[in-house]
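Welcome! Take a moment to look over the model below, and then let us walk through some of its features together.

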Amino acid sequence: MKKMRKFLAAVAAGTLMAAMLAGCGSEADDKAGSAGSGVNAEISDGDADTKPDDAGSDTAADDGAGAGTAADDGAGAGTAADDGAGDKRNTEFTTVSEGVLTMATNAYFPPYEYYEGNEIVGIDVEIAEAIAAKLGLELKIEDMEFDSILIAVQQGKADMGLAGMSVTPDRLKSVNFTDTYATGIQVVIVTEDSDIQGIDDLDGKKVGVQLGTTGDTLVKESLGEDSVDQYNKGADAVMALKQGKVDAVIIDNQPALSYVKSTEGLKILETEFAVEDYAAAIAKENDGLVAAVNDAVAQLKEDGTIQSILDKYIKADE
């Protein structure tokens, strides 16, 4: 009986202990659960308030602001680059057609430009080819009436006029000129039996000139417009002399030599009518091309290219 009581007492004690342990475990779980809910809520609240993100955003914003500052600095650098590009553009040039240097000329002015078959050749052509090569461009030649050359340059139809063209104050009003590459001499052609022996004998005579040339201008200035007969080509003026329509022709010495050589009964007076410089005409707004051509001409003078071209077409005994 005593044993039975001890057994029951032990069972009761064990049951009580188990209940107490179960209660403790439940309370711990509840506390743990509560603690876990609190952490989750905090994170959730943090998401809702976006405090951590705000901090991150603030950091990002600061970084962004820094990036913005960098971007601004970059924009400044871009401006500097643009400024640099602007400086570079001052030395750059434009052409009518990309990769092409278009030359306007009148191909009836030997030996500066003339036709050999269907090809235009001559001093100006070879110099223009050398200039184009220096600039990394392909040369294109447009043949036109002499008095249309400056108009073509002004209107952007040609990059430069190269046609044994003299630099004059009047022409400088409408275009810019490069540095000179050759010297021209205006001379007087007459028939071999002419009574004209010098410049003074031209008073009261009819003089043939090529329209728009300096010969045209100089004769008008010195002899008066009534003394001038204008022709589109120098060859036409020489033909008029041969036919007795004019008493003399004033033109550049080099084409004059060519015309006299190919036409019987003509001669060149020993007296020079005028001395002038030849240069390329370029549009006023294209300063970059003027600078680039000047640089090329300087190099071509220095390395002897221009002189060799002149010597090729103009012989020492002429």
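This is a predicted model: local features need pLDDT of at least 70, side-chain atom pairs count only at pLDDT 80 or more; totals for chains, interfaces and linings use all residues.

Across the whole structure, a search turns up three aromatic pairs. In one of them, the ring centres of Tyr108 and Tyr115 lie 5.8 Å apart with the planes at 55°, so this pair is tilted.

How accessible are Tyr108 and Tyr115? The table gives the values.

| Residue | Relative accessibility | Class |
|---|---|---|
| Tyr108 | 31% | partly exposed |
| Tyr115 | 35% | partly exposed |

Next, have a look at helix 3, residues 123-135. With 13 residues at 1.5 Å each, helix 3 should span 18 Å, and its end C-alpha atoms are 19 Å apart, which agrees. Buried residues in helix 3 include Ile123, Val125, Ile127, Ala128, Ile131 and Leu135. Asp124 is also buried there. Just after helix 3 comes Gly136, with a positive phi of about 75°.

Finally, find the largest pocket, which holds about 280 Å³ of space. It is lined by 15 residues, and the closest to its centre are Thr168, Asp170, Arg171, Thr214 and Thr217. Which element gives the largest share of this lining? Helix 5 does, with four residues. Helix 5 (214-223) and strand 13 (274-278) each supply at least two lining residues. Sorted by class, the lining of the largest pocket has four nonpolar, six polar and five charged residues.

Conventions: Residues are numbered from 1 along each chain as its sequence is written. Side-chain values use heavy atoms; hydrogens and water are left out. On a 1 Å grid over the protein atoms alone, a cavity is a set of points where a 1.4 Å probe fits but cannot get out, and a pocket is an open set with protein on both sides within 12 Å along at least five of seven lines; lining residues have an atom within 4 Å of a point. Grid points are joined across faces, edges and corners, and a volume is the space filled by probe spheres set on the points. Ala, Val, Leu, Ile, Met, Phe, Trp, Tyr, Cys and Pro count as nonpolar, Asp, Glu, Lys and Arg as charged, and the others, Gly among them, as polar. The expected span of a helix is 1.5 Å times one less than its number of residues. Buried means under 20% relative accessible area, exposed over 50%, partly exposed in between (1.4 Å probe, protein chains only). Rings of Phe, Tyr and Trp (its six-membered ring) pair if their centres lie within 6.5 Å; planes under 30 degrees apart count as stacked, over 60 as edge-to-face and the rest as tilted.
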